[in-house]
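User: I am new to this structure and would like to go through it by question and answer. Please keep the answers plain.

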Amino acid sequence: MDFNTRLMLNGKTIYLIESKDDSIGKKLLNHLLKFSQEFVMNDDGSKFKKQLSKWDISQDKTFGRFWHFKINLESKKIMPKVFDYYLNKEWGHWFWSLKGKDFTIEYQECGDEITYPEMNIEGPNGKMSIYNDFKVEARGDSLKIIKEIISKYQK
């Protein structure tokens, strides 16, 4: 199987294999949500806008491309539902970022594996196979958690 995920961890590139039903992003979110302060995504949050509006910290609430919201005890309860909804939607290209005191995770969906494979990023084998692209800066306990999670996806 070809690598389909690129993860840059503190400037070092790592290629991973992620199956459709085993999302690296979801595992990172589940393990780091308790340490998170902000979540950002490239959607107006239409399905969850009303529920999350009280935590909306976006500068441009009308026309902004990215929707920012504060993570706290209340928003942590709904965050997994929001994440699952956008993870499983089958249209658009998703960008999200999770920020904590000692980490930042940025994710972008690179292309459509089936419909537009040419939009993917070239992997280490020379094929346009990278569909998931992560950029992670982390230190301390967050770095340990991240390394443990990604070790399970390395070939």
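User: In which handedness of crossing does α1 pass α4?

Analyst: This is a predicted model, in which local features need pLDDT of at least 70 and side-chain atom pairs count only at pLDDT 80 or more, while totals for chains, interfaces and linings use all residues. Residues are numbered from 1 along each chain as its sequence is written, and side-chain values use heavy atoms, with hydrogens and water left out. A crossing is left-handed if the near helix is turned anticlockwise from the far one by less than a right angle, and right-handed if clockwise. The crossing of α1 and α4 is right-handed.

User: At what angle do helix α1 and helix α4 pack?

Analyst: Helices (H or I, at least four residues) and strands (E, at least two) are DSSP runs, numbered from the N terminus; α1 covers residues 24-32 and α4 residues 140-151. Axes are lines fitted to C-alpha atoms, for helices over the stretch in contact, and angles run from 0 to 180 degrees between N-to-C directions. The two axes are 10 Å apart, and the packing angle is about 150°.

User: Which residues of α1 and α4 make the contact?

Analyst: Contact means heavy atoms within 4.5 Å. From α4 come S142, I145, I146 and I149, and from α1 come K27, L28, H31 and L32.

User: Is S142 buried or exposed?

Analyst: Buried means under 20% relative accessible area, exposed over 50%, and partly exposed in between (1.4 Å probe, protein chains only). S142 is found in helix α4 and touches L32, D102 and F103, not counting residues up to four places away in sequence. Its relative accessible area is 2%, so S142 is buried.

User: How many aromatic pairs are there?

Analyst: Rings of Phe, Tyr and Trp (its six-membered ring) pair if their centres lie within 6.5 Å; planes under 30 degrees apart count as stacked, over 60 as edge-to-face and the rest as tilted. By this rule the count is 14.

User: How far apart in sequence are the parts that the pair of F39 and F69 ties together?

Analyst: F39 and F69 form a tilted pair, with 5.7 Å centre to centre and 55° between the planes. F39 is buried at 0% relative accessible area, and F69 is buried at 0% as well. F39 lies in strand β3 (residues 36-41) and F69 in strand β4 (residues 67-70), so the parts tied together are 30 residues apart.

User: What kind of aromatic pair do F66 and F95 form?

Analyst: F66 lies in the loop between α2 (49-52) and β4, and F95 in strand β5 (residues 95-100), so this pair ties together parts 29 residues apart in sequence. F66 is partly exposed, with a relative accessible area of 29%. The rings are 5.2 Å centre to centre with 70° between the planes, and the pair is edge-to-face.

User: What is the phi of N10?

Analyst: N10 lies in the loop between β1 (5-9) and β2 (12-16). At 37% relative accessibility, N10 counts as partly exposed. N10 is not a glycine, yet its phi is positive, at about 50°.
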